[in-house]
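Me: I'd like a close look at one spot in this model. Here it is.

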Amino acid sequence: MFVYAKDRPVEDLGGGVTRKVLAHDGALMQVEVTFREGAVGALHSHPHEQLTYVLSGEFEFTIGDETRIVRAGDTLYKKSGVPHGCRCLKPGVLLDTFTPQRIDYLQK
């Protein structure tokens, strides 16, 4: 499967955050999320395991009871059910990988 970013729709999540669902199947999904400075990814949890790779920018991330600053090149792992969220300190882009795929992201 080949997925071209130019062919994938951008979803405006509000508050300076957009999401683009990239490749996905039942076991795996990759999503690009773009943040303006000051935008917030609200604290939440879900049953999916998640890796986040910071493509650009700077973020204050909370995972469980730990909060740290991350920048381009850093990776975060979020276990199933663990609360996590972020605040964008410098405009940036995150690459999220989920297992299994987020069916809720595919439903309109």
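Which side chain of opposite charge is nearest to lysine 78, and how far away is it?

Reply: Quick ground rules: this is a predicted model, where local features need pLDDT of at least 70, side-chain atom pairs count only at pLDDT 80 or more, and totals for chains, interfaces and linings use all residues. Residues are numbered from 1 along each chain as its sequence is written, and side-chain values use heavy atoms, with hydrogens and water left out.

The nearest one is aspartate 96, 4.3 Å away. Lysine 78 has no salt bridge, a term that asks for a side-chain nitrogen of Lys or Arg within 4 Å of a carboxyl oxygen of Asp or Glu. For charge, Lys and Arg count as positive and Asp and Glu as negative, while His and the chain ends are not counted. Lysine 78 is also buried (under 20% relative accessible area; over 50% is exposed, in between partly exposed; 1.4 Å probe, protein chains only).

As for where lysine 78 sits, that's strand E7, residues 75–78 (strands are DSSP runs of E, at least two residues, numbered from the N terminus). Its side chain does make a polar contact with the side chain of threonine 52, at 2.4 Å (N or O atoms within 3.5 Å, one able to donate a hydrogen and the other to accept it; residues adjacent in sequence count only if both atoms are side-chain atoms). Leaving aside neighbours within four places in sequence, the contacts of lysine 78 (heavy atoms within 4.5 Å) include His48, Glu49, Gln50, Phe61, Ile63 and His84. Of these, phenylalanine 61 is buried, as is phenylalanine 59.

Methods:
Helix = DSSP H or I, 4+ residues; strand = E, 2+ residues; numbered from the N terminus.
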